Amino acid sequence: MNMLKTIIKGTMIVGALAMSFPTLAGNEDRIGSAGASEMLVNPWARSTAFGTAGIASTDGLEAQFVNIAGLAFTDKTQIKFNYTNWLGDAGISLNSAGIAQRVGAQTVVALSIQAFGYGDIDITTVDLPEGGIGSFSPRKNIINIGFAREFSNSIYAGLNIKVMNENIANMKASGVAFDAGIRYVTGEQDQVKFGITLKNVGTPMKFEGDGLSKEIFYQSAGGVATMVQRSASFEMPSLLAMGFSYDFIFDETSKLTAAAAFHANSFTNDQFNVGLDYGMAFKKAAFNVRAGFVGEKAIFNREESTSSLTGLTAGISVDALLGDKGIPLGFEYAMRTSNPFGIINTFGITLSLK
């Protein structure tokens with residue numbers, strides 16, 4: 001517990017420094033020098049449709065990506081499965097699954113995994129550039145273990161541990177990173193929220209394996225030796241995100257949430273996010289429609305832009321009690337624009353027990 005409090009204090013100090021010196025983020029000299037870019041991909045539909053602006057408002061399992069402090073708002077048990085056709089027609093799949101479980105009056109834990117699949121790629125060599133000698137399947141996986149706690153009626157905080165693994169042919173790289181986040185809630189109806197999170201802070205990663213080895217022939221001695229090439233290490237894409245949201249509560253059955261966020265990236269241009277989420281509740285169902293926008297410096301200039309994941313986002317979700325036993329199932333969809341990859345779609349299903 002003491003360690004978690006220390007992390008929370010550190011996150012607040014870093015956030016204060018970032019707000020005081022915003023020009024320090026998005027260092028142009030470091031753009032493109034990080035790896036493990038899959039850590040920047042939001043795998044969940046509802047928060048994606050919201051423009052990933054819910055630093056202060058995203059609840060439940062999806063908060064493991066947006067701001068781990070929001071995990072503390074899980075009612076009892078939440079299970080999610082999402083699928084994304086990553087980068088449009090590129091043939092890359094992103095499958096996500098996870099479970100969040102309340103283990104006490106104030107504590108919630110979660111476990112989730114994101115798996116990128118790139119399909120089968122033909123093995124080619126200098127002598128056989130057309131392939132025909134087999135194939136390999138690159139993979140990228142992220143395992144998340146999260147913990148969040150309610151410290152008071154206004155303050156919530158959490159810690160998330162990420163384990164990354166990347167495989168390509170006969171090489172692999174692995175690493176561990178941490179996220180820490182806090183949320184502050186105020187207002188007569190808890191309609192005002194602030195959030196801050198520090199994400200992807202970890203050790204450098206480095207590729208290793210037999211793919212870095214090569215046999216060489218010494219003509220003078222007539223012998224054969226194995227040469228092992230060195231692989232350069234790379235940093236993780238760490239960032240600091242801050243956000244605000246406000247709930248316009250019209251009545252007991254309808255609400256509009258407006259949110260704004262700022263992502264101070266260490267290795268890409270900084271981004272700003274805005275989102276709207278309108279929800280209507282019925283006796284045995286609830287319906288939400290969401291829209292958002294992700295922007296950055298030189299968003300319309302491909303030569304200066306550092307991300308293709310900018311522009312409009314949108315989506316819907318339907319939650320209903322199905323069957324005689326009232327099984328609480330939710331169905332969600334999100335789309336995000338990508339230049340030049342077109343539309344990226346995310347579909348999902350959620351089981352929420354109260």
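Start by selecting β16, the element that gives the most residues, 3, to the lining of the second largest pocket. Strands here are DSSP E runs of at least two residues and helices are H or I runs of at least four, numbered from the N terminus. You are looking at a predicted model, where local features need pLDDT of at least 70 and side-chain atom pairs pLDDT 80 or more, while totals for chains, interfaces and linings use all residues. Residues are numbered from 1 along each chain as its sequence is written, and side-chain values use heavy atoms, without hydrogens and water.

**The pocket.** Now select S37, L40, V41, S307 and L309, which lie nearest the centre of the second largest pocket among its 44 lining residues. β13 (254-265), β14 (271-281), β15 (285-296), β16 (311-322) and β17 (327-338) each give two or more residues to this lining. A pocket is an open set of points on a 1 Å grid over the protein atoms alone, where a 1.4 Å probe fits, with protein on both sides within 12 Å along at least five of seven lines; lining residues have an atom within 4 Å of a point. The space inside is about 820 Å³.

**The salt bridges.** Next, show the 9 salt bridges, each a side-chain nitrogen of Lys or Arg within 4 Å of a carboxyl oxygen of Asp or Glu. Pick K140 and E38, whose closest N and O atoms are 3.5 Å apart. K140 sits in strand β6 and E38 in the loop between α1 (2-20) and α2 (45-49), so this pair ties together parts 102 residues apart in sequence. Is E38 buried or exposed? It is buried, at 2% relative accessibility; buried means under 20% relative accessible area, exposed over 50% and partly exposed in between, with a 1.4 Å probe and protein chains only.

Move on to K80 and E62, with closest N and O atoms 3.2 Å apart. K80 is in strand β1 (residues 77-86) and E62 in the loop between α2 and α3 (63-66), and both are buried.

Then select D247 and K193, which meet in a salt bridge at 2.6 Å, N to O. This pair links strand β12 (residues 239-251) with strand β9 (residues 192-202), 54 residues apart.

**Last stop.** Finish at V163, in strand β7, which is partly exposed at 37% relative accessibility.

How values were computed:
Grid points are joined across faces, edges and corners, and a volume is the space filled by probe spheres set on the points.
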